[in-house]
Amino acid sequence: VSGAGTTDRIAARRNRWGWAFIAPYLTLTVCFFIYPLVKAVVLAFYTTNGPQSRVFVGLANFTWIFTDPAFYRSVSNTAIFAIFSVFLQLPLSLGLALLLNAKRDRLKGFFRLALFSPHLVGPVFVGIMFSLFFAPRYGLVNQSIAALTGGWGLDLNWLQIEHLVMPALVLTSLWMYVGFNMIYFLAALQNVPADLLDAAQVDGAGPWQRFRHVTMPAIKPVMVFVVVMSTIGSFQLFELPYTLLQQGWGPNESGLTIVGYLYRTAFADGDLGLGAAIGWVLTFLIFAISLAQIRISRVMRE
Amino acid sequence: MRFPLGTAPLCLLLIGIAAGVALLGLRALRHQETRRYDLEFVTFAEPHYQDYLKVIKRPTDPAILANPARRRTFEEQHGVTVNVRLVDGRALQSRLQAAMLAGTQVPDVLEIEAQNMGYFTKGPLADVGFTDLTDRIAAEHLAERMVATRFAQLSSRGRTFALPHDVHPVTLAYRPSRLAAAGIRVEDLKTWDDFVRLGRTVVTDTTGDGNPDRFMLDLPENGGHALEILLHQKGGGFIKVDGSLGITDDHAVDVVCWLVEHSVAGGPERIGYPAGWGTAMFQSFKDGLVLFLWCPDWFSKWLEAEVGGLAGDVRMIPLPAWTPGGPRTSSWGGTGICITRASPRQDLAWRLVEFLYLQPEDLSARYANTNILPPVKAAWQDPVFDRPVAFWSGQAIGRLYADLAPETPPVHLTTATRMAKDSTTQVIGSAKQYYADRLDRLPRRDDPGWAAAHQAARQDLRAFVTEELGKRAILIERRMARDRLLTEAAR
């Protein structure tokens, strides 16, 4: 009995030490994650401009969001951007990764760095730089178009014409993110077993068949990861349109994203309760889309 | 003695303790640092910062100290210390928002861009984080001593929370050589009707490449700064003096239609080109792509710096009036100085505000460095305002700005201003599309029915703009009603 008691005491002492060691982490998590999370839930049911004054409005913030045309505009812009991210950016990234993976020369490292480097400078820098590229008449983009078409397109105002804002945003993001996603694919491609590819070649499989039946299944987990992460990243898009469109959201809100809508509501208009509600809607939206993507990829695998 | 859980947990524990002690120590140091000063003053503008350092801080240079004729700095006059800090405008806005929301330390005195005042004066007046200066302003008769309209954008519901730093009257900058080549005399540009009539003759494809490459005026694609300049000049505004929405008023409809008709959508009526911002805008001006640029006082200094090579071939004129004899200027932007309510030294803070903003001799010296016209009328008597400026072809631009200053319109700001402005620019975008389509359906210009059809298209444009602005106004008013909830609940 006394032996069991001693063991219990040692276990209890160890537990106390365990709690002591995770206490700083727990404290920080409670203070900076759990508490704000709970506070944000509460805030979503109030209209407030700070701690001094607030009025309980029940579900009015959520009702407002779902009747606000700007919300639908921001969702549709974000969705369009996400679709382009997945269907343009990822094939391009994969293509570049395949090219780099196949090439076995000394320039491989240089190209890898060159393609990845746009990501290193960050979206703020890229946004400002591309706002100059897209300038009418004097910008690099219009000068190039005019040179190719014999003068047409010199005055295209990419960032001020509603239908051109999204293409400008997508082009900018392509430049920035293609290299980043390429690195994931390159890492995955380098892990495709060479003996499987050799065996397929011996069995008479051509390059496309090898890619379709060997490479693709091998890199599928990375592909799912990149698709999910790109979608989540697209739904969190903020700095790029904010800087590209010079702290606005484009004509007729054509560059307004969901996070932009949240930021504008909470920090430009000072409606913190509504901002919190938008944050929750965004959270559920991302959660639902990510879940759907994972389900779809599982069904496809099966 | 051995630590019972082993060396690694012991190291973790020691690192944790060391980090905690370091954090507490740093916090104490920072606390001491801020306590060392009697006042904390923050500005976001580099030129202001450099000037303020000179007049606030006690000089350390013995040569300066030895000069008996020099004016004593604020620190010397009051025997206090002031921490003058420069913080980027966006960072200042967001840090101030965060500090006021969290109730943490804020500066005693700060300069703020007027466009941000709407955010800080939202909700019940008792919640505003800035000191209400209305009574001090009345006691010192500042509304008479300064340009009274400049208090509007720093006020909410009849209470004023800042003193204006500037007037920012707007003129039009041009190159005399380009105007002469285009056959335009500035004396003929008295009203906007004159401006448009002559402007139509200017739009030309001088190189024959199929693209017009000469326009009368910089007109941003969806209104941009031209929208607010013209709207305020006309006597309108996004927000009215009583805080209600102004975008459905006739003034707003007139200005939107004017911008649409004279933009790229306007066909033969076009006089404007969206010159963009920064480098592109200055290049457009240099190349003569646009003959006139909007030129508030702060912009004039920027123009001097960016197109210095044009010195002697640049001048400015007052804005054409909407009606003969009407106001010849507007305003664009503005800064104010505030005292935070949390400041424990309200009187000392007010003395600093007075010291920086109300001393004519300092203000004229500051004008000489920045071209920014101070709102204190007494300062305009200084000869510096009559000094011919070589860049401006010998024109005394200070006197022109000072003469226009009393005509600068009031600008009223709330958190709804942003929504109202965005909505109006959205209407301009859709109206341009509508009008361009409408003009496409007109008969040929030489057709006898053209004039009547064109007039009908203009009327349709007006109806379209009125309807669209009305629709947007309903949404904004819903949002404004949410803001009113807070104010009403506080009563």
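The model is predicted.

Start inside chain B. Helix α2(B) spans residues 46–56. Helix α15(B) covers residues 346–357. The two helices pack with their axes 11 Å apart, at an angle of about 115 degrees. Angles of 65 to 115 degrees count as roughly perpendicular, so α2(B) and α15(B) are roughly perpendicular to each other. The crossing of α2(B) past α15(B) is right-handed.

Which residues make the contact? From α2(B) come Y52(B), V55(B) and I56(B). From α15(B) come L352(B), F355(B), L356(B) and Y357(B). By class, this contact of α2(B) with α15(B) has seven nonpolar residues. It has no polar and no charged residues.

Now turn to the interface between the chains. Chain B brings 40 residues to the contact, and chain A brings 44 residues. Together the chains bury about 3,600 Å². Carbon and sulfur atoms give 52% of that area.

Which three residues of chain B supply more of its buried area than any other three? They are L101(B), R479(B) and R482(B). This trio supplies 18% of the area that chain B buries against chain A.

Charged pairs also span the interface. Five salt bridges are found between chain B and chain A.

Key: Residues are numbered from 1 along each chain as its sequence is written. Chains are lettered from A and ligands numbered from 1 in the order in which they are written. This is a predicted model: local features need pLDDT of at least 70, side-chain atom pairs count only at pLDDT 80 or more; totals for chains, interfaces and linings use all residues. Side-chain values use heavy atoms; hydrogens and water are left out. Axes are lines fitted to C-alpha atoms, for helices over the stretch in contact, and angles run from 0 to 180 degrees between N-to-C directions. Helices (H or I, at least four residues) and strands (E, at least two) are DSSP runs, numbered from the N terminus. Angles under 35 degrees count as roughly parallel, over 145 as roughly antiparallel, 65 to 115 as roughly perpendicular and the rest as oblique. A crossing is left-handed if the near helix is turned anticlockwise from the far one by less than a right angle, and right-handed if clockwise. Contact means heavy atoms within 4.5 Å. Ala, Val, Leu, Ile, Met, Phe, Trp, Tyr, Cys and Pro count as nonpolar, Asp, Glu, Lys and Arg as charged, and the others, Gly among them, as polar. Buried area is the accessible area (1.4 Å probe) that two parts lose on being put together, summed over both. A salt bridge is a side-chain nitrogen of Lys or Arg within 4 Å of a carboxyl oxygen of Asp or Glu.
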